[in-house]
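Opening the notebook on a new model today.

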Amino acid sequence: MASITDCVVEGLKYPFSDIKKILGFGVLFALMSALSTYIGFKSLDIFRLSVHAVENANTTLTHMPISQLPAGDMYILAGLMVISFIVSLFIFGYQYDIVKYSIDKKADLPAFSDIMGMLIRGIKYFIVILGYNIIPAVIFVCGVVLNNSSAFILMAVISGLLFVIAFFFLIMALNNMVAYDSLKKAFDIREITGYIANLGWGKYIGIIIFTLIVYMIIMVAVSFFIGFITMAFSMAVSNQAFAISIFIAIIEGLFIDSYMSLFFNRVCGSVYREAIK
């Protein structure tokens, strides 16, 4: 049985097996990052315009007529969010393929030939993520809606604990779905817990935590590098916050997010492969 270190080291090396494919995957992340950055700036613009309209109408945001909102910007924002969601489905679909290759112990990276299949697999991936996180999300929202500080803190803590528990089950659930290519298998709790028990709860939780620690160390190290790039770009392009943000978002998506996604999903697939032995 492979050790925790072996799984993580293999996951770190795996993305370099095909630079062209990792860059192809990076294009999706770069597009996603650029869209997210633009959505953030556009949302801020809409908020500023709404506040200005509220001040002119002498009312509040909650009582301001919808007709007073910047309709054109709202439509653009909604369209961008839809496009961003579709891109995320393709990312999920490729992550599905990465896990499958890991379970099958294939050394190469998945191809991008089956675009429609990738989208369908991405939808399945999203449904499982949503299914495992819906209860803690609802609890958190209820805590917000209650508008009571004590109740909110309690429900936020409960929600946070459930998110953590759901996360550990979700990893094995996604792998189980991919292994059998069956959405139903993602919610077979008895089988999922059986695989975790077969590997050992301590080892399973340990390898996931260790992988996350390695993940965070790499991200912290990269953030310093990105910080230097940002400073250099800021000096070259003054008073262009939007251009700088888009540039950094594309760099992060193209090289960093794609690599980290390949690394993490490769390790998760390896863990499942060890669990079903």
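My entries follow in that order.

Ground rules: this is a predicted model, where local features need pLDDT of at least 70, side-chain atom pairs count only at pLDDT 80 or more, and totals for chains, interfaces and linings use all residues. Residues are numbered from 1 along each chain as its sequence is written, and side-chain values use heavy atoms, with hydrogens and water left out.

Fold. I count eight helices and zero strands in the protein chain; helices are DSSP runs of H or I, at least four residues, and strands are E runs of at least two, numbered from the N terminus. Of its 277 residues, 39% are buried (under 20% relative accessible area, 1.4 Å probe, protein chains only).

A pocket here is an open set of points on a 1 Å grid over the protein atoms alone, where a 1.4 Å probe fits, with protein on both sides within 12 Å along at least five of seven lines; lining residues have an atom within 4 Å of a point. I find 18 lining residues, with Q95, Y125, F167, F264 and N265 nearest the centre. α8 gives the most, six residues.

Helix pair. I checked α5 against α6 (residues 189–199): their axes come within 10 Å and cross at roughly 105° (lines fitted to C-alpha atoms over the stretch in contact, angles from 0 to 180 degrees between N-to-C directions). So α5 is roughly perpendicular to α6 (65 to 115 degrees).

Technical notes. Parallel < 35°, antiparallel > 145°, perpendicular 65-115°, else oblique. Buried < 20%, exposed > 50% of the residue type's maximum accessible area, 1.4 Å probe, protein only.
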